[in-house]
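User: Let us go through this model by question and answer, starting with the surroundings of the ligand and then turning to the helix packing.

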Amino acid sequence: MNFENLVIISNFDLPTIVSSGDAGGYSNFVFIHSEELGNAPWDKEMRTFYDLIVIGAGSIGVPVAMEFAKKGQSVLVIDSLPSPGQGQDKKAIGGIRATHSDKGKIVVSQRSIEIFSQWKEDYGDDIHWKSNGYSFPAYTQKDEDILRDLMKIQQHFGLNIQWLSPEEYRELNPGINMEGLRGSTYSPEDGSASPLLFTQSSYFRAMEYGAKFKFKETVVGFHIKNNKISSVRTNRGNYSSAHVLNAAGSNAKEVSQMAGIDIPVKPDSHEAGICEPVKPFMGPMVVDMRKEASSINFYFYQISEGQVVFCMTPDPPIWGTDNRATSLFLPMIARRMIKIMPMLANLKVRRTWRGQYPMTPDGFPIVGKMKELDNFYQAVGMCGQGFMLGPGMAEVIYRLITENYRSDDLEISKSFDPYRDFKDQEIFK
Ligand SMILES: Cc1cc2nc3c(=O)[nH]c(=O)nc-3n(C[C@H](O)[C@H](O)[C@H](O)COP(=O)(O)OP(=O)(O)OC[C@H]3O[C@@H](n4cnc5c(N)ncnc54)[C@H](O)[C@@H]3O)c2cc1C
């Protein structure tokens, strides 16, 4: 066999080009990192102009790339990190619900649930979809009233959600603390999936449809001409496109400021954790809305592989991008989890981690076209729901950018309007 002209194209984090003699003795091997493919002289599909450039290969950017490429549009995704989903996407615990408090999020998540639940059939990859449902148990009259009022809105939009008595709820989540329990909502069609598996699968499908990705490349500015972004400037080069989408998650504000536009997105730190796997014993996700000292709500569920995963909303919020896990989180959430489900005391925790919700002042995403620049769009501020909103939101974004609106798109988008006053508050941020 003659290795003379052998070229290895690798997804691993190897040096961009390994010079002759560096590759384990195979003197004529050339390694090229996937990020370089678009620049390779033999890449016949290299483009200088794209229909869309997406900044950020995360929970939103990857499904958007897939949607555009699937519909035959040329799309380039740029991300500072070495592979897809390495921002906040991989920090998510995989909860997927349509039980929100406004039309926009409900309708988008309903579509996401259709996509997640059919993913294996449609694309062949197992993303660990589990239709475990969500539940919001109520221990106070106030919480019961809020949940029952919300159910009316949710049912109005066609959500399958019902109120269970304490005894009915115990059937689903045995071991739940019955003391003071007034009942619970139960939405069986909500569920969960693996953010890692889903984003990897969408990434590979996006590439099959023709999307291009550039990793380890950071957007540092824009060239603006005639009220338009004429090119996106990175630390490695310039790229041009008809449209530019900011999907930069926790960095969305900085990226938007590069175009001279301020948007209210702040990184809001949350911690999460995972236990060792055990036999299935839990039904739906439990969301405890009660506020206690140093924390607001917390939520946990058992994933399809048996581990219980959990997450908490700190009070007051912890702003910033410090990713170091704290010693306060685990004792605090463990105490709360054992209080609501005492049998959890037997579980062993494997690890905890910290990440950020890209938070807006009202808890609703910011999605839409910027008035200041003709071809600049935002898909940012996904708060604690970017993973669950991702695939449904990608379809909405496709229709907004290509102006192929469906009849209710403009109404759905109202909740995400970048120019709203941010005074209303999403109840379940
Ligand atoms: C502990 C925790 C638990 C969570 N649990 C859930 C859950 O159960 N369900 C759920 O739906 N959501 C959950 N979330 C929220 C979810 O993770 C986020 O809402 C979602 O990841 C945001 O998606 P995004 O695409 O906006 O950002 P990201 O996924 O973070 O992607 C943004 C990307 O942009 C890139 N980028 C930024 N700036 C630049 C630049 N200048 N140039 C190039 N690239 C750039 C980043 O590297 C990153 O990869 C959780 C979050 C945390 C922290």
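User: Which element gives the most to the shell around the ligand?

Analyst: This is a predicted model, and in it 41 residues surround the ligand, the closest being Gly56, Gly58, Gly87, Gly249 and Gly386. Strand S14 (266-275), strand S19 (349-359) and H8 each supply at least two residues of that shell. The element that gives the most, with four residues, is S19.

User: Are H1 and H5 roughly parallel or oblique to each other?

Analyst: The axes of H1 and helix H5 (residues 195-208) come within 8 Å and cross at roughly 30°, and H1 passes H5 in a left-handed crossing. Val62, Pro63, Ala65, Met66 and Ala69 of H1 make the contact with Thr199, Ser202, Tyr203, Arg205 and Ala206 of H5, and these residues divide into seven nonpolar, two polar and one charged. Angles under 35 degrees count as roughly parallel, and H1 and H5 are therefore roughly parallel.

User: What is the handedness of the crossing of H1 and H8, and how do the residues of their contact divide?

Analyst: The crossing of H1 and H8 is right-handed. On the H1 side the contact is made by Pro63, Val64, Met66, Glu67 and Phe68, and on the H8 side by Gly390, Pro391, Ala394, Glu395, Ile397 and Tyr398. The residues of this contact divide into eight nonpolar, one polar and two charged.

User: Among contacts between residues at least 6 apart in sequence, what percentage joins residues at least 24 apart?

Analyst: The protein chain has nine helices and 21 strands, and of its 429 residues 43% count as buried. Among the contacts between residues at least 6 apart in sequence, the share that joins residues at least 24 apart is 70%.

Conventions. Residues are numbered from 1 along each chain as its sequence is written. This is a predicted model: local features need pLDDT of at least 70, side-chain atom pairs count only at pLDDT 80 or more; totals for chains, interfaces and linings use all residues. A crossing is left-handed if the near helix is turned anticlockwise from the far one by less than a right angle, and right-handed if clockwise. Two residues are in contact if their C-beta atoms, placed from the backbone, lie within 7 Å. Ala, Val, Leu, Ile, Met, Phe, Trp, Tyr, Cys and Pro count as nonpolar, Asp, Glu, Lys and Arg as charged, and the others, Gly among them, as polar. Axes are lines fitted to C-alpha atoms, for helices over the stretch in contact, and angles run from 0 to 180 degrees between N-to-C directions. Angles under 35 degrees count as roughly parallel, over 145 as roughly antiparallel, 65 to 115 as roughly perpendicular and the rest as oblique. A residue is buried if 20 or more other C-beta atoms lie within 10 Å of its own, exposed if 12 or fewer, and partly exposed in between; C-beta atoms are placed from the backbone. A residue is near a molecule or strand if its C-beta atom, placed from the backbone, lies within 6 Å of it.
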